[in-house]
Amino acid sequence: MTATDHDPAVPPASRTIRTFHPRRGRMSDRQTDALSRLWPAYGLDVPDGPAMPVDLADLFGRRAPVVLEIGSGMGDTTAAMAAADPDRDYLAVEVHTPGIANLLHLVERGGLRNLRVAEGDALYLVNGLPEGGLDAVHVFFPDPWPKSRHHKRRLIQPAHVALLRSRLRSGGMLHCATDWAEYADAMRETLDADPDLVDAYGGFAPRPAHRPVTKFERRAITAGRPVADLLYRRR
């Protein structure tokens, strides 16, 4: 069984169309050390291909509400949120190796037992998660793919949203944020069209206090681009 066969919400095109740019980059000595030492304890490989079932209670060593953070970047925001929210577990998925290594360093430095880091395609990871198993999904500042011919690569599109929503518990939250106005409108249109999602604010949400300011947000503010937050609840 392939990952796309596992759940009808993942279209066949997802096998080849990526929603991200593969990124490696140079790592500092500290990051290299963190990755080699901490990955066995806090890391999760996400293979392409057949869905890999993920037992969240086994992964975290306890049963607690789980937040999925898609695209954790260098990890500062994710680590801060996990530290401020110890009663929930955080599963971050990223493809940028230095960012993964940096987040592992932050996990160790902060003694964060409620944070795990996955490396690979978020859609393949989500496809292996249990239906209704997540308390929240965060999609903060995903690649906007601004050119029209690249819109098919956007993460927030109907089939992907249906998959994400299926992994939320009833009442669970899908929280998106972007600094691209056109993408914000497209996100809202897509999320509004999902029959099992309810707009928690009846439009763009006020900036939630629990979301730390990211480097992307600082850049957007400096450039004069407004940041849009969208919070939708699963019925």
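1. A charge sits over a ring if NZ of Lys or CZ of Arg is within 6 Å of the ring centre and within 35 degrees of the ring normal. Arg 188 meets this description, lying over the face of Phe 204 at 5.4 Å from the ring centre. The charged end of Arg 225 likewise sits over the ring of Trp 180, 6.0 Å from its centre.

2. On the model itself: it is predicted, local features need pLDDT of at least 70, side-chain atom pairs count only at pLDDT 80 or more, and totals for chains, interfaces and linings use all residues. Residues are numbered from 1 along each chain as its sequence is written, and side-chain values use heavy atoms, with hydrogens and water left out.

3. The chain has 9 helices and 8 strands; helices (H or I, at least four residues) and strands (E, at least two) are DSSP runs, numbered from the N terminus. Of its 235 residues, 51% count as buried. Here buried means under 20% relative accessible area, exposed over 50%, and partly exposed in between (1.4 Å probe, protein chains only). Among contacts (heavy atoms within 4.5 Å) between residues at least 6 apart in sequence, 80% join residues at least 24 apart.

4. Helix 2 (residues 29–42) packs against helix 5 at an angle of about 70°, and their axes are 8 Å apart. The axes are lines fitted to C-alpha atoms, for helices over the stretch in contact, and angles run from 0 to 180 degrees between N-to-C directions. The two helices are therefore roughly perpendicular to each other; the cut-offs are under 35 degrees for roughly parallel, over 145 for roughly antiparallel, 65 to 115 for roughly perpendicular, and oblique for the rest.

5. Which residues make the contact between helix 2 and helix 5? From helix 2 come Arg 30, Gln 31, Ala 34, Leu 35, Arg 37, Leu 38, Trp 39 and Tyr 42, and from helix 5 come Thr 97, Pro 98, Ile 100, Ala 101, Asn 102, Leu 104, His 105, Val 107 and Glu 108. By type, the residues of this contact are 10 nonpolar, 4 polar and 3 charged. In this count Ala, Val, Leu, Ile, Met, Phe, Trp, Tyr, Cys and Pro are nonpolar, Asp, Glu, Lys and Arg are charged, and the others, Gly among them, are polar.

6. Val 95 is in the loop between strand 3 (89–94) and helix 5 (97–110). Val 95 counts as buried because its relative accessibility is 12%.

7. Asp 45 lies in strand 1 (residues 43–45) and, at 47% relative accessibility, is partly exposed. Leaving aside neighbours within four places in sequence, Asp 45 touches Trp 39, Met 52 and Glu 119. Asp 45 and Glu 119 are 74 residues apart along the chain, yet their C-alpha atoms are separated by 5.3 Å.

8. Helix 7 (residues 158–167) contains Arg 165. Is this arginine buried or exposed? Arg 165 is buried, because its relative accessible area is 14%. Not counting residues up to four places away in sequence, Arg 165 is in contact with Asp 194, Asp 196, Leu 197 and Arg 234. Helix 7 is mostly covered, with 8 of its 10 residues buried; among them are His 160, Val 161, Ala 162 and Leu 163.

9. Phe 141 deserves a look at its backbone: phi is near 55°, a positive value in a residue other than glycine. Phe 141 is in the loop between strand 5 (134–140) and helix 7, and is buried at a relative accessible area of 10%.

10. Arg 207 and Thr 77 can be read together. Arg 207 is in the loop between strand 7 (197–199) and helix 9 (215–223) and is partly exposed, with a relative accessible area of 36%. Thr 77, in helix 4 (residues 76–84), is buried at 13%. With residues up to four places away in sequence left out, Arg 207 touches Pro 212, Val 213, Glu 217 and Asp 229, while Thr 77 touches Pro 212, Val 213 and Thr 214.
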